[in-house]
Amino acid sequence: MVAADLDVTVDLTRALLKEQHPDLADLPLDLVANGWDNVMVRLGDDLALRLPRRELGGQLLRNEHRVLPLLAPLLPVPVPAPVRIGSPSPALGYPWPWGVVRWADGVPAATVPAAERTPWAEHLARVFVALHQPAPEDAPGNRFRGIPVAERSATFDDRLALLPERLHRRARDLWASAADAPGYDGVPVWLHGDPHPANLVADGDRLSAVIDFGDVTSGDPASDLGAMWLTFDAEGRDRFRRVVDTHACDGRGWDAGMWRRAQGWALLYTTICFSYPDTHPIMVGVGEHAVEQLFG
């Protein structure tokens, strides 16, 4: 885990509420997640606060606050669009924006067996279809997502050793196929940027939310579609892809190049899943599932 620039506590959270949103300050607070960039504190029964714990998290939250009010009405799933926005507080020594969002019932999809995710594969596909619409020129930039997959070759080479050695040749062949695939020639579309199953919330047999849009950007949709291998088994992928192909590109579906690039992104994400086993064990499980789907 990257060290926090500032320790975000329940006491600090309540002080920020008293200062800026006093009508919410007496509701119960429960710190439920201390993540890579943000801390999440549940607020009463129906709300939650997202508070950056480091400078990069502050910028990512600014992206969400700017973009999600535009995207939320277009998407067929709840997303963490802010219902209240908090400002940096010099008096309390808190330097970043923060926000209050709706609470989503459920658990990270990464903690649910893959077969139990299949019932909402079509739903997630419809989310991507709705999201992958032309983005404006001032969409947030992101030098790691939405770009030609070949531009991530150095990262793939660095992280290949994290996969079992018996898979290295097959992984190199898969990467080469993705990097050599025809490039995306459409207009840049909105992208979630980090749609792995730990950023999907499942509640029983339904998808109840898509969260963590901090990496939101624009570009090649293959960057998002790679999540298909991290999230679903073969049946789930078939359901997901049928919906995407039915609605994408004016009903003509994406060509094989799109799915080759998407598989390359899936492979890159898989290697990254194994990068922090001590602090992100949930992502190791995501990576192990993806290895089976890509090479099993």
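**Ground rules.** I number residues from 1 along each chain as the sequence is written, and my side-chain values use heavy atoms, with hydrogens and water left out. As the model is predicted, local features need pLDDT of at least 70 and side-chain atom pairs count only at pLDDT 80 or more, while totals for chains, interfaces and linings use all residues.

**Entry 1, overall build.** I looked up the secondary structure and got 10 helices and 10 strands (DSSP runs numbered from the N terminus: H or I of at least four residues for helices, E of at least two for strands). The C-alpha atoms fill a box of roughly 55 × 40 × 35 Å along the principal axes. I then checked the radius of gyration, taken over C-alpha atoms, against the globule rule of 2.2 Å times the number of residues to the power 0.38. The protein has 19 Å, which agrees with the value near 19 Å for a compact globule of 296 residues.

I get 53% of the 296 residues as buried (under 20% relative accessible area, with exposed over 50% and partly exposed in between; 1.4 Å probe, protein chains only). Contacts mean heavy atoms within 4.5 Å. Of those between residues at least 6 apart in sequence, 70% join residues at least 24 apart.

I traced an open sheet of 3 strands in the order β6-β8-β9, with antiparallel pairing. Its edges are β6 and β9, each with a single partner strand, so one side of each has no neighbour in the sheet. I count strands as paired if DSSP finds at least two bridges between them.

- β6 (residues 107-108) meets β8 (residues 200-203) over 2 bridges, and V107 stands opposite A202.
- β8 and β9 (residues 206-210) pair over 4 bridges; V201 has A209 as its bridge partner, and L200 has V210.

I find R261 in helix α9 (residues 256-273). Leaving aside neighbours within four places in sequence, I list its contacts as V149, A178, A181, P182, G183, Y184, D220 and A222.
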